[in-house]
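Biologist: I have a model open and some questions about it. Can we go through it piece by piece?

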Amino acid sequence: MTIRFAAIAVSAFAGTAFAQPAMFMGLGSDGGVRGLSSDGSVAVGRVSTGVGTNRGTVWTSGSGWSFVDAPTGYRSVVFSDVSGDGTIMTGTAVRDNDDQVAFRYTAGSGFQFLDDIGTDNIRASGERISRDGSTIIGTGRDGATRFLLWTTSPAPTTVGPSGSLGAALNADATVATGSLFGTMQAFVWDGVGGVQPIASATGAFLSQSVSDDGSVIVGGARGWRWESATGQTLLPVLPNGANPGGANAVSADGAIVAGGSGTNGAYIWTEAGGTLFVRDVLLAQGVNIGGWSLNTVRDISADGKYLIGDGINPQGVAETWYAFLPEPVPAPGVVGVFGLAGAVISRRRRG
């Protein structure tokens with residue numbers, strides 16, 4: 001795999017480089033990535049191996065891609081999220097008889113398959129996992145779809161109302177979010193108040209991610225951010241005047257949001273900088289991404305500095321990309337400096 005471009009960003013005020021420069025790299029494959037560990041060093045996803053069949057994908061910053069095959073009796077495995085330390089995964093497997101089963105997975109212990117809540121039509125999915133890996137949120141069926149929580153037992157411990165889909169958990173699994181099937185109305189859940197729809201005049205649909213303390217939720221086909229103290233707001237338009245695509249990820253403190261859709265639609269939002277294209281932020285911090293199209297940010301690290309997403313490489317092929325932004329927005333006076341010693345780095349890694 002190749003680190004194609006990296007560069008040093010220099011502040012015109014301070015005249016010094018960041019301790020770790022901004023960086024961008026293509027990961028050499030389209031790994032269908034959905035989840036990233038807290039420190040940004042492990043990502044998980046899936047790669048198609050045929051119609052209705054997948055292998056789980058795991059990428060690490062140290063060793064590149066590895067793949068996990070479906071076990072005996074199953075024909076497909078998809079990883080959807082990874083714990084904060086990068087060791088515990090969740091996702092969905094499909095049996096040879098087409099049952100859909102949620103699971104917890106570690107490299108050492110293999111698969112722990114999780115129970116659905118009914119036997120009429122097994123359609124359980126593991127969507128997200130808590131920071132410590134102890135709790136998984138997903139969806140099951142007992143004649144209707146319901147969001148579920150699994151802890152150490154294969155049996156679900158909490159069942160949401162009929163027609164609810166689980167989407168994300170905060171760090172300690174005390175707050176969850178999801179959507180109501182049919183309308184896709186977003187909701188927030190906790191153990192005291194249960195499921196409460198997120199009220200909004202602008203339409204709070206398709207929740208995707210939640211901050212560590214549960215006070216900030218993001219989502220939408222058109223990006224939005226909800227805060228428990230102030231309610232929901234739509235993310236500001238992009239520099240070209242377009243509406244930002246769905247918000248897929250939020251930092252641990254709720255201060256950074258990322259998502260996107262469409263050609264070069266990947267964006268990052270902060271209160272200070274507004275909604276900016278990731279491509280523009282990289283360029284402003286001195287990173288030349290060449291002919292890449294950065295389409296979507298799939299997830300970000302806890303501090304919001306590492307981003308992973310979908311794109312099209314200069315050869316016109318779908319490929320997962322990975323970036324580091326020492327600052328989420330270009331600070332005043334920051335300029336990209338090219339031609340400095342070590343400013344453009346290209347090296348090969350075994351993937």
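Biologist: Which residue's side chain does the side chain of Ser125 join in a polar contact?
Modeller: That of Glu127, at 2.9 Å. A polar contact is a pair of N or O atoms within 3.5 Å; within protein, one must be able to donate a hydrogen and the other to accept it, and residues adjacent in sequence count only if both atoms are side-chain atoms.

Biologist: What are the ground rules here?
Modeller: This is a predicted model, where local features need pLDDT of at least 70 and side-chain atom pairs count only at pLDDT 80 or more, while totals for chains, interfaces and linings use all residues. Residues are numbered from 1 along each chain as its sequence is written, and side-chain values use heavy atoms, with hydrogens and water left out.

Biologist: Is Ser125 buried or exposed?
Modeller: Ser125 counts as buried because its relative accessibility is 8%. Buried means under 20% relative accessible area, exposed over 50%, partly exposed in between (1.4 Å probe, protein chains only).

Biologist: What does Ser125 touch?
Modeller: Leaving aside residues up to four places away in sequence, Ser125 touches Gly91, Thr92, Gln100, Ala102, Ile137, Gly138, Thr139 and Trp150. Contact means heavy atoms within 4.5 Å.

Biologist: Where does Ser125 lie?
Modeller: In strand β13. Helices (H or I, at least four residues) and strands (E, at least two) are DSSP runs, numbered from the N terminus. Of the 5 residues of β13, 5 are buried.

Biologist: Which strands make up the sheet, and in what order?
Modeller: It is an open sheet of 4 strands, β13-β14-β15-β16, with antiparallel pairing. β13 (125–129) and β16 (156–159) each have a single partner strand, so one side of each is left without a neighbour in the sheet. Two strands pair if DSSP finds at least two bridges between them.

Biologist: How many bridges are there between β13 and β14?
Modeller: There are 4, in the antiparallel sense, with β14 covering residues 136–141. Arg128 has Ile137 as its bridge partner in β14. The hairpin of β13 and β14 has 6 residues between the strands, and there Gly133 takes a positive phi near 80°.

Biologist: And how many join β15 to β16?
Modeller: 3 bridges, again with the strands antiparallel; β15 spans residues 145–150. Leu148 has Val159 as its bridge partner in β16.

Biologist: Changing topic: which residues touch the most other members of the largest nonpolar core?
Modeller: Phe24, Val278, Leu282, Leu294, Val297, Leu307 and Trp321, out of 22 residues in that core. The elements giving two or more residues to this core are α1 (278–284), β29 (293–300) and β31 (318–324). A nonpolar core is a set of buried Ala, Val, Leu, Ile, Met, Phe, Trp, Tyr and Cys residues joined through side-chain atoms within 4.5 Å. A second, separate core has 14 residues, including Val77, Phe79, Ala93 and Ile122.

Biologist: What about Ala43: buried or exposed?
Modeller: Ala43 has 0% relative accessibility and therefore counts as buried. Ala43 lies in strand β6, residues 42–50. Val58 is 15 residues away in sequence, and the two C-alpha atoms are 5.8 Å apart.

Biologist: What is the mean pLDDT of the protein chain?
Modeller: The mean is 87, and 88% of the residues reach 70 or more. pLDDT is the predictor's confidence in each residue, from 0 to 100.

Biologist: Where is the pLDDT below 50?
Modeller: Residues 1–18 are one such stretch, and residues 332–351 are another. Where pLDDT is low, the predicted coordinates should not be read in detail.
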